[in-house]
Amino acid sequence: MVDGFIKVAACTPKIKVADCEYNAERIIEMLTEASKKGVKLCVFPELCITGYTCQDLFFQDTLLNGALAALIKIAKAAENINMLIAVGLPVKAKGKIFNCAAVIYNGDVKMLVPKTHLPNYNEFYEARHFAAFNGESAFIDLTKAFNDGEKHGAFMRQGLIRFDNLPELVIGFEICEDLWVSNPVSNRLAQAGATVICNLSASNEVIGKEQYRRALVSNQSARLVSGYIYCSAGDGESTQDMVFSGHNIIAENGTILTQSRLFENKMTISEIDLKRLAFERRKLSTYEQERNCDEKNNIPSITLPALNFEKTSLTRKYEKTPFVPSDYSERNERCHLILQMQSHGLMKRISHTNSKSVVIGISGGLDSTLALLVCVMAMDLLNRPHTDITAVTMPCFGTTKRTRSNAEFLCRALGVSFREVDISKAVLQHFKDIGHDYENHNVVFENGQARERTKVLMNIANQVNGLVVGTGDLSELALGWATYNGDHISMYGVNSSVPKTLVRYIVKYYADTCDYPPLEKVLNDIYDTPVSPELLPTDESGTQITQKTEDLVGPYELHDFFLYHGIRWSCEPKKVLRLAEYAFSGEYNRETILYWLKTFYRRFFSQQFKRSCLPDGAKIGSVTLSPRGDWRMPSDAVCRLWLEQLDEI
């Protein structure tokens, strides 16, 4: 199991009702195809060996015996396929008939899992034919059916499948209605340790059911922090009173990894990340411990010999910008919500501190623009004039005409109080005081300007009885791309939980929805301006930015990707590299990604001291680096292990 991935499949074969031999052949064909694609866990629909719609034929021994013979045929055909298989059929036991999932591995039937909840309403009358599982197991002797001179048998019971070489992979099974009840069987399975739930289903199609089914599977995988494979019946079932669409869904912790289109009758394949699930369960203090759950829930486990793994090829989608939804309408909704969260957070702080004003440094760049927009929205919420916002532009050696003019145009369009404080003379005097040569454009040259700007903002805030609103974003905090006691400090940081890749889209969203052409024009120009701290002198024309942040620390789209997968999901560096190569294929080669990934880890570890003393700022998304929030890290931690793993590649 390389990097925690297991390739899984939900397979809907085209069947014939009551033709067990034919159905077994179609199942075997799909198993062969799945094996060629590297699938290690394959799930088929409920009662697919016979067909779900056999009705009173289920009482016929001819059908029941034919189903058992077909099961043995499937098991023997899968003897040399290194794959766990779940397939549905009716089983005679304890004088009744049970709707079961047969679990097959290495040519043998390891378990028969009976359905617990039987529908008896509308078009479903399973209780007419089947008995509900009451928790009492039964041994099914399969020796005669196998007819190979060896003893075979399997317990009919609810149980878990484990593998002696894969502690993260624990598989549980439920059948259709077992999920649709108020207390699904999968709840107990997950409490007992199941990380992947397989649902063998025969869900008929009616208007609106597709969306409900998808939400049900997604939500259950989220509640259980599990992988969920839902496989439903399709073509070939009787259409006497119903139609079946073969709606297959593979989900992981609330996310639909993939799903089939209705009525396609196909094999649906994706990869479940077991290490990601294990990390999230360890992290959640509310997730019940696995200890003693087997006894409490009467759910025994079967441990099988090793499931062999090669490197799993990836088919699931990884967004290049995981913080930014790819869907346009969803992205706009997120941008709107973030602006609301930021502005309400700032509104509370202004109200609580009884501040007469807010003070913000405006550079004409993305971060300060977003922060200013939040200030405007907060004042609107307080029914206060925009003039209670003091926006200060502080040009110096690297300020370009473009950013300087954009800063002023923006403030005019928003109707805020605007001040310009040229800090050039003050910085030159400071250089003279400490004996620094102006021609030496080192860190002293850069940080001297940043700290002067912060001093100006703080003192103006004292003048106007206001508080300084910080503009630094989450990506800058991750990289430590801020001057300590410079732009690193404020009285409230509204952008502290917003990554750089998302900042751009929020500004663009505001431009597209403000309905004020002068503001729209300047916001679009700011959106198109390269990210820069503007601390190094411009060219002679004063128009060209000579210092571009992404040339120095690397592309923010890469760093945000590293932050999301490496920190939010705690992926190992080698896995982060693999996912980045997969997501950015054709854009960045491996050497480039590896170079910036090493840069990310070096900077992330070495710059923790800046994050340890951050000003307040509301958490916006799933990742925050506040020392009072989700991220606690010693400032002296060493990144050797992380870098050594990358050096070994």
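## D422: a loop residue

D422 sits in the loop that links strand 20 (417-420) to helix 13 (424-434). Helices (H or I, at least four residues) and strands (E, at least two) are DSSP runs, numbered from the N terminus. This is a predicted model, where local features need pLDDT of at least 70, side-chain atom pairs count only at pLDDT 80 or more, and totals for chains, interfaces and linings use all residues. Residues are numbered from 1 along each chain as its sequence is written, and side-chain values use heavy atoms, with hydrogens and water left out.

Buried means under 20% relative accessible area, exposed over 50%, and partly exposed in between (1.4 Å probe, protein chains only).

The side chain of D422 makes a polar contact with the side chain of S424, at 2.7 Å. A polar contact is a pair of N or O atoms within 3.5 Å; within protein, one must be able to donate a hydrogen and the other to accept it, and residues adjacent in sequence count only if both atoms are side-chain atoms.

## N204: a buried loop residue

N204 lies in the loop between strand 12 (196-201) and helix 7 (209-224). N204 counts as buried, because its relative accessibility is 3%. Its side chain makes a polar contact with the side chain of K209, at 2.8 Å.

## Helix 2 and its buried side

Several residues of helix 2 are buried, among them L63, L64, A67 and I74. The buried residues of helix 2 pack against helix 1 (20-36), strand 3 (84-93), strand 4 (96-105), strand 5 (108-114) and helix 4 (143-146). Contact here means heavy atoms within 4.5 Å.
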